[in-house]
Amino acid sequence: MLELKYIEKSFDGVQVLKNLSLQVDDGEIISILGPSGCGKTTLLNLILGILDADEGQIIYNGNDITDTPMEKRGFNIVFQDYALFPNLNVQQNILYGLRNRAGISTEKEIAELIKLLGLEEHLNKRIEQLSGGQKQRVALARTMVMKPHILLLDEPLSALDGVIKESIKDRIKTIAREFKLTTIIVTHDPEEALTLSDRVLIINNGEISQYARPNEIINTPSNDFVRKFILNQLEIKRNNIYALFGGFSAPAVMGYTV
Amino acid sequence: MKHKNTELKCIFVIILLLFASFLVIPTLNLLVKSFWGDNGFTGEFYTAVFAGKNFKSALANSFTVSAAAAVIAVCIAFVIAYAVHYTHLPGFLKSFLQSAAVLPMFLPTITYGFAIIYSFGRQGVITRLLGKQPFNIYGFGGLLTGYVIYTIPVAFLLIHNTMGYVDKKTITVSKVMGDNNLRTFWIAVLRPLLGTLAGAFIQAFFLCFTDFGIPASVGGKYDVIAVTLYNQMLGGIPDFNRGAVVAMIMLLPSVASIMLLRYLERYNIRYDRISQAQLRPGRLRDTAWGLSGTALSLLMLSIFAVIFIIPMVQNWPYQASFTLQHFKDVFSDSELRTIYLHSLSMALLTAFFGTMISYGAALITARSSLHRRCKQIIDSIALITNTIPGMVLGLAFLFSFTGTSLQNTFLLMILCNIVHYFSTPYLMMKNSLSKMNSGWETTAMLMGDSWIKTIIRIITPNAIGSLLETFSYYFINSMVTVSALVFLAGARTMVLTTEIKQLQYINKYNEVFVLSLLILFTNLVAKFLFSRLAEYTSKKYAYERKRK
């Protein structure tokens, strides 16, 4: 279990995270949702260990890891722009971590992972030859080979469109369920957060607006911000689709009920 | 971040020590020297220098000829760049124009002067073709010609680069809006380039103002400040304090030029992608610009033609028969062979260590989480090295290291070159590194890499193109530089450019040209090799290709 207790973080005197506390259970998929500049990426970076909190504690499985260096926490991240190494091909990227931690994944496990992510035919390709969705899957595979305790995903779907987005969404879910992997996703898209996660953490101005299951957020929004910012966006999307096509039912199209 | 950045801190300390020892202290030493006499602090050297009868005229001459040369160089560079970007000239002609415009970069400036003498002198090749001497080469005319040739490459590269990015569709927009040709030319071509043209002018002015090679050969009695400085230091009656004063005065316009350049940068119109011209066919336009560009390029090349012609004839102008004897003489002269090897070794070592230093500095500013102050210090170092002319740096080194074990050593000359040319390679590296994915180090660290492993496995392979460019820049400049080294090279540490200066005294111009050709070919071969290597690696690494 991951626990964050009374976390505070400021940049140049501007407080980005204010007295923030939360718990993430093992194997849960959590989305951190909020408008630009609300502090969601800062929170992700604090969990990963790129940044230090000014105040508060980060506890993982009962151990205080607040001062543990990033590389020793055992968490891993897939960046928004994937950060694939262009001088290496797909296979070399996926196996990169094994050069330092040989045997962390067996050949069989790696082969299964590659199959699960549909990358078998791309292994010898250069990174520039891949589409956005393929790059995303390579980055995911590279991270999964390291068997992270917690998988962090920074805006994993923002660079993808339509069908590919849905396919990657499914793969993330499959991976998380298959490996019983605690997964924390940063996103600014309410639809993405509500359809992908077990619980959604909504942040506004560095504070938690609501931390609950998707159906609770939809049915009982805790305050005006959640209602106006999050739910209105969904409403607008739904209305646009009705206006364009009519006759579709919202749940069938959007995958949620308002 | 929890990572301690130990390696980066070490690199920062090394860079700091290097530039403190070989930039800040020598420059401060120079400043002190200009104020410190036998009786302590005094302003008498400044008074004496300004009271000198030739000083003010030399200063005025420097301003006049540098400004005139900069205007002409920018105009010529504009014509050539326009012919490349805005016409339907055949590809080979565009390639020729581009190559001709940058050719002077591969030769030392001191050679331009001798090329002018042998082209436009009383017995010069062009004078004989024309039947009379077109202008007096010793003085304003010679300096102007030399400076224009010297600064065309820089002006061309700046204008050519910006022109590539200017949105060519604005020509079509302007036309369909009913603008006449002149108005279209202003709004779609000239206006977006104004900042660059001003920048090119200032850069060219700065280069002319601080150059020593050209006035050393064709200055004649038209004194400019670089010659005044040289004479104060290495003339008949050396006066080190007055030399320091002249160097400080020379520094002022240089600092002002660079400050102005940085200020003007904010007025540049920025485009984020290269734009191809979709021009209507225009035979008259193509002919006019093609002819102008080609004529200007040929004129420039004709001056350099003498470098090839003179060493291949018996005794110009008296015995004009073909011979390779001068080449044989030079190549069989073990002393000159040694000097060539000196130049080559110095250039290679400067390029290697200069590239390492620039790379290290750029890693700190572009890819580290070191404190902002550290990054500001490195940026300031780059700015300062950009403003200090080679002659001033050479003189500062002379004052600071005479009597030390570094005096008359290649190490000192290499350090001088590294410091002198640091700015451009550093900015090239910084630009390249900051465009790379910011998540690589974090990702690699999460995969178990140490910082140094990430640099070797990921960052360096992806920066190889820029590293080669940096290496090439340092190499070529080290091969052609004379202004700083003229104060530092000793009898046992002669390099080609300082030897050319020595050969001038004993009128051995055949040797001068053979050595110049040697520099030219070495640089062309080096440029070719580095370009091929860069091309190969950029094909290999997708990121670099996208970057370019």
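**Two lysines in chain A loops**

I started at A:Lys180, which sits in the loop between helix H6 (162-178) and strand E8 (182-187) of chain A. Helices (H or I, at least four residues) and strands (E, at least two) are DSSP runs, numbered from the N terminus. Phi of A:Lys180 is near 50 degrees, a positive value in a residue other than glycine. Is A:Lys180 buried or exposed? I find A:Lys180 exposed, with 9 C-beta neighbours inside 10 Å. My cut-offs: buried needs 20 or more other C-beta atoms within 10 Å of the residue's own, exposed means 12 or fewer, and partly exposed lies in between, with C-beta atoms placed from the backbone.

Next I checked A:Lys147, in the loop between helix H5 (132-145) and strand E7 (150-154) of chain A. Its phi is also positive, near 45 degrees. A:Lys147 is partly exposed, with 16 other C-beta atoms within 10 Å.

A note on the source: this is a predicted model, in which local features need pLDDT of at least 70 and side-chain atom pairs count only at pLDDT 80 or more, while totals for chains, interfaces and linings use all residues. Residues are numbered from 1 along each chain as its sequence is written, and chains are lettered from A and ligands numbered from 1 in the order in which they are written.

**Records and the A-B contact**

Residues 340-530 of chain B are 78% helix and 0% strand, with the end C-alpha atoms 20 Å apart.

How many residues of chain A are in contact with chain B? I get 22 from chain A against 19 from chain B. Contact here means C-beta atoms, placed from the backbone, within 7 Å. On the chain A side, helix H2 (70-73) and strand E6 (75-78) each supply at least two residues. That side divides into 12 nonpolar, 5 polar and 5 charged. Ala, Val, Leu, Ile, Met, Phe, Trp, Tyr, Cys and Pro count as nonpolar, Asp, Glu, Lys and Arg as charged, and the others, Gly among them, as polar.

**Chain B**

I count 24 helices and 4 strands in chain B. Buried residues make up 49% of its 548 residues.

Chain B is divided into domain 1 (1-27 + 325-548) and domain 2 (55-222 + 224-313); the bounds come from an automatic or database domain assignment. Their centres, taken over C-alpha atoms, are 25 Å apart. The contact takes 31 residues from domain 1 and 27 residues from domain 2. Which element gives the largest share of the domain 1 side? H23(B) does, with 11 residues. By class, the domain 1 side has 20 nonpolar, 10 polar and 1 charged residues.

I then went to the largest nonpolar core, with 241 residues; B:Ala77, B:Ala155 and B:Ala204 touch the most other members. Such a core is a set of buried Ala, Val, Leu, Ile, Met, Phe, Trp, Tyr and Cys residues joined through C-beta atoms within 7 Å. Helix H3 (residues 55-85) of chain B gives the most, 16 residues. Beyond its neighbours within four places in sequence, B:Ala77 contacts B:Ala101, B:Ile152, B:Ala155, B:Phe156, B:Ile159 and B:Ala200.

Notes: Contact = placed C-beta atoms within 7 Å.
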